[in-house]
Amino acid sequence: MENFVFCTPTNFVFGRGTESQVGKLCIENGATRVLIVYGGGSVVRSGLLDRVRTALTEENLPFGELGGVKPNPEDDLVRIGIDMVRNEHFDFILPVGGGSTIDTAKGIACGALYDGDFWDFYCGKAKIQKALPVGVILTIAAAGSEGSGNSVITNLSNMQKLSLRCPEHLRPRFSILNPELTMTLPPYQTASGICDMMVHIFERYFNNTAETSITDRVSEGVLMSIMDEAPKVMANPQDYGARANIMWAGMLAHNGICGTGVVEDWASHFMEHELSALYGVTHGAGLAVMFPAWLTVVSRINPHRAKQLALRVLHVSPEGKTDEEIIAEGIARLREFWHSLGLPITLKELGIENPDIDTLVRNLHIAKGEPIGNYVKLDRKLTKEIYEEAR
């Protein structure tokens with residue numbers, strides 16, 4: 001096991017009706033002027049935005065609003081938010097929504113206190129020294145941004161979709177998690193979120209670090225629970241218990257607990273980021289295509305973890321089978337599970353009939369260098385093979 005620091009200072013407020021506490025929580029965290037960030041659509045139609053306004057007003061907290069966050073969040077709205085903070089002197093950022101909204105809020109939070117271009121943080125030109133505090137009201141169980149210091153933004157000028165990790169400054173001060181707020185999500189969005197959180201665990205689980213049995217078992221337990229609860233949610237979107245377990249799993253998948261002491265990978269995420277940047281696909285659906293393709297290729301080179309996953313999580317019987325057969329059956333079962341939720345498992349099913357694989361590979365390595373990943377170091381030949389496998 002590697003040395004590590006694990007600190008999760010976020011105050012998680014979980015359960016029915018907890019969004020009513022948002023005003024008090026903002027005050028407790030020093031807010032005097034709040035910028036609400038949201039996408040639109042459901043938070044407006046459901047009345048959630050009105051309830052948030054009421055809760056802030058009851059605490060005599062002035063607030064402003066920035067709507068319009070897109071599913072793959074873009075830098076232009078972050079820039080608008082930074083200008084709003086500077087011009088109107090907001091000192092607390094409150095995203096109401098899913099991962100895209102939270103990631104946008106984090107971009108605003110770090111960019112507003114920086115003299116240069118906030119994109120410097122995402123492309124690695126600068127490191128965050130300070131950021132405005134962020135509090136969260138979560139409406140989609142998926143990205144895990146409510147418990148992490150991570151953010152992903154697309155730069156429209158060059159179509160780069162890059163991730164930022166800064167837990168010391170970007171972890172939310174509080175996260176309000178009411179499973180009822182996820183009950184009106186379309187099935188496809190629910191399923192995509194389930195895939196996203198599973199792959200967040202896989203990015204940590206697929207490592208070459210020795211003696212990580214506790215971290216392995218935590219990851220495996222959360223994965224198996226997700227796979228138990230997911231069919232219940234899809235069959236009955238109003239199942240509070242299943243929604244609650246899925247919502248909590250999404251946070252655990254990405255707050256760092258499943259990666260303690262290991263060297264993480266993240267190659268399949270990087271490869272999907274290029275896919276969604278170029279084609280605008282839903283991130284979780286793109287992962288349902290890319291992760292099994294990645295696993296198929298890398299397990300030929302480094303089979304150990306793929307076999308372990310197949311046996312411990314996907315319940316493949318080893319009797320009379322070679323390691324290659326066990327791994328192949330495990331990957332098939334994973335694809336079948338995601339397919340059963342209504343997700344695509346090929347680029348064609350994702351709606352990409354003729355993917356520009358050369359452009360995907362070129363953009364990937366421009367953004368992330370060569371090689372990428374840690375479980376297996378991927379050069380351009382291997383990443384092209386993975387994109388081809390995903391067809």
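Tutor: Start with one pair of residues. Gly97 stands opposite Leu138 in E5. The model is predicted, so treat this as a computed picture. Gly97 belongs to strand E4, residues 92-97, and E5 covers residues 135-138. These two strands run parallel, and two bridges join them. In general, strands of a sheet pair through backbone hydrogen bonds, either parallel or antiparallel.

Now widen the view. E4 and E5 sit in an open sheet of six strands. The order is E1-E8-E5-E4-E2-E3, with parallel pairing. At the edges are strand E1 (11-14) and strand E3 (63-66). Each edge strand pairs on one side only. From one strand to the next, the twist averages 15°.

Next, the helices. Helix H5, residues 99-111, packs on the sheet. H5 touches strand E2 (34-38), E3, E4 and E5. The direction of H5 makes about 165° with that of E4. Helix H10, residues 240-252, also packs on the sheet. Its contacts are with E1, E5 and strand E8 (174-177). The direction of H10 makes about 170° with that of E1.

Look back at the starting pair with this in mind. E5, the strand that holds Leu138, is touched by H5 and by H10. E4 is in contact with H5. In the strand order, E5 stands between E8 and E4, and E4 stands between E5 and E2.

Methods. Residues are numbered from 1 along each chain as its sequence is written. This is a predicted model: local features need pLDDT of at least 70, side-chain atom pairs count only at pLDDT 80 or more; totals for chains, interfaces and linings use all residues. Side-chain values use heavy atoms; hydrogens and water are left out. Two strands pair if DSSP finds at least two bridges between them. Helices (H or I, at least four residues) and strands (E, at least two) are DSSP runs, numbered from the N terminus. Axes are lines fitted to C-alpha atoms, for helices over the stretch in contact, and angles run from 0 to 180 degrees between N-to-C directions. Contact means heavy atoms within 4.5 Å.
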